Amino acid sequence: MMTTWTQEQSINFECAREAINHVIAIYSAEIYNEEKKSSPDEQRLEMMNDRCLQLTRERSAMHVNDDEMVAEVRAKYSAIIRAHAKHQGSITDYDQCHQVS
């Protein structure tokens, strides 16, 4: 049996993926800026790289027909992106999931 989904599910899924991609891009820029410093904070770099990996895994685990997960991802990362855009500063100020265990 072929799995099908609605156009709305497809759009929501792509928006959720793009939200994760946007957060990864913000982290990547911060990683680049940290690496350029004369004395980069290695612990911060490790945390940010770990978070990017975690985000990539979360993006891969998402399924187009899992409406609840897609909605949670969209809400969580859209809020982080909005807060970062409004206040700038570090993404880690707004991403409460950055404490990777």
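This briefing describes the fold, the helices, the core and selected residues of one protein model.

The model is predicted, and the protein averages a pLDDT of 90, with 92% of the residues scoring at least 70. The protein has three helices and zero strands, so that, read from the N terminus on, its elements run α-α-α. Along the principal axes, its C-alpha atoms fill a box of roughly 55 × 30 × 20 Å.

**Overall organisation and confidence**

- Of the 101 residues of the protein, 33% count as buried.
- Among the contacts in the protein with a separation of 6 or more, 65% come from residues 24 or more positions apart.
- Confidence is highest in H2, at a mean of 97, and lowest in H3, where the mean is 92.

**Helix H1**

- Helix H1 covers residues 7-36, and its 30 residues should span 44 Å at 1.5 Å a residue, which agrees with the 43 Å between its end C-alpha atoms.
- The buried residues of H1 are Gln9, Phe13, Ala16, Ala19, Ile20, Val23, Ile24, Ile26, Tyr27, Glu30, Ile31 and Glu34, and the buried residues of this helix pack against H2 and H3.
- Glu34, which has its place in helix H1, counts as buried because its relative accessibility is 4%, under the 20% cut-off.
- Leaving aside residues up to four places away in sequence, Glu34 touches Pro40, Asp41, Arg44, Leu45 and Met48; of these partners, Leu45 and Met48 are among the buried residues of H2.

**Helix H2**

- Helix H2 covers residues 42-61; it has 20 residues and reaches 28 Å from its first C-alpha to its last, close to the 28 Å expected at 1.5 Å a residue.
- Buried in H2 are Leu45, Met47, Met48, Arg51, Cys52, Leu55, Glu58 and Arg59; they lie on the same side of H2, because they cover an arc of only 165 degrees around the axis.
- The face of H2 turned away from this buried side carries the exposed residues Glu42, Gln43, Glu46, Arg57 and Ser60, whereas the buried residues of H2 pack against H1 and H3.
- Eleven residues separate Asn49 from Ser60 along the chain, and their C-alpha atoms are separated by 17 Å.

**Helix H3**

- Helix H3 takes in residues 67-87, and its 21 residues should span 30 Å at 1.5 Å a residue, which agrees with the 30 Å between its end C-alpha atoms.
- In H3, the residues Val70, Val73, Tyr77, Ile80, Ile81 and His84 are buried; they sit on the same side of H3, because they cover an arc of only 115 degrees around the axis.
- An α-helix has 3.6 residues a turn, so residues three or four places apart point the same way.
- Exposed on the other side of H3 are Glu68, Arg82 and Lys86, while what covers the buried residues of H3 includes helix H1 and helix H2.
- Just after H3, Gln88 takes a positive phi of about 55 degrees.

**The nonpolar core**

- The largest nonpolar core has 22 residues, and those with the most contacts inside it are Ile20, Val23, Tyr27, Leu55, Met62 and Tyr77.
- The elements that give two or more residues to this core are H1, H2 and H3, and H1 gives the most, with nine residues.
- Ile20, a buried residue of H1, touches Leu55, Glu58, Arg59, Met62, Val73 and Tyr77, not counting residues up to four places away in sequence.

**Cysteines**

- A search of the whole structure finds zero disulfides.
- Cys15 is partly exposed, because its relative accessible area of 32% lies between the 20% and 50% cut-offs.
- Cys52, by contrast, counts as buried because its relative accessibility is 11%, under the 20% cut-off.

Methods
Residues numbered from 1 in each chain as written. Predicted model: local features only at pLDDT ≥ 70, side-chain atom pairs only at ≥ 80, totals over all residues. Heavy atoms only, no water. Helix = DSSP H or I, 4+ residues; strand = E, 2+ residues; numbered from the N terminus. Expected span 1.5 Å × (residues − 1). Buried < 20%, exposed > 50% of the residue type's maximum accessible area, 1.4 Å probe, protein only. Arc of directions from axis to C-beta. Contact = heavy atoms within 4.5 Å. pLDDT = per-residue confidence, 0-100. Core = buried A, V, L, I, M, F, W, Y, C linked by side-chain atoms within 4.5 Å. Disulfide = S-S within 2.5 Å.
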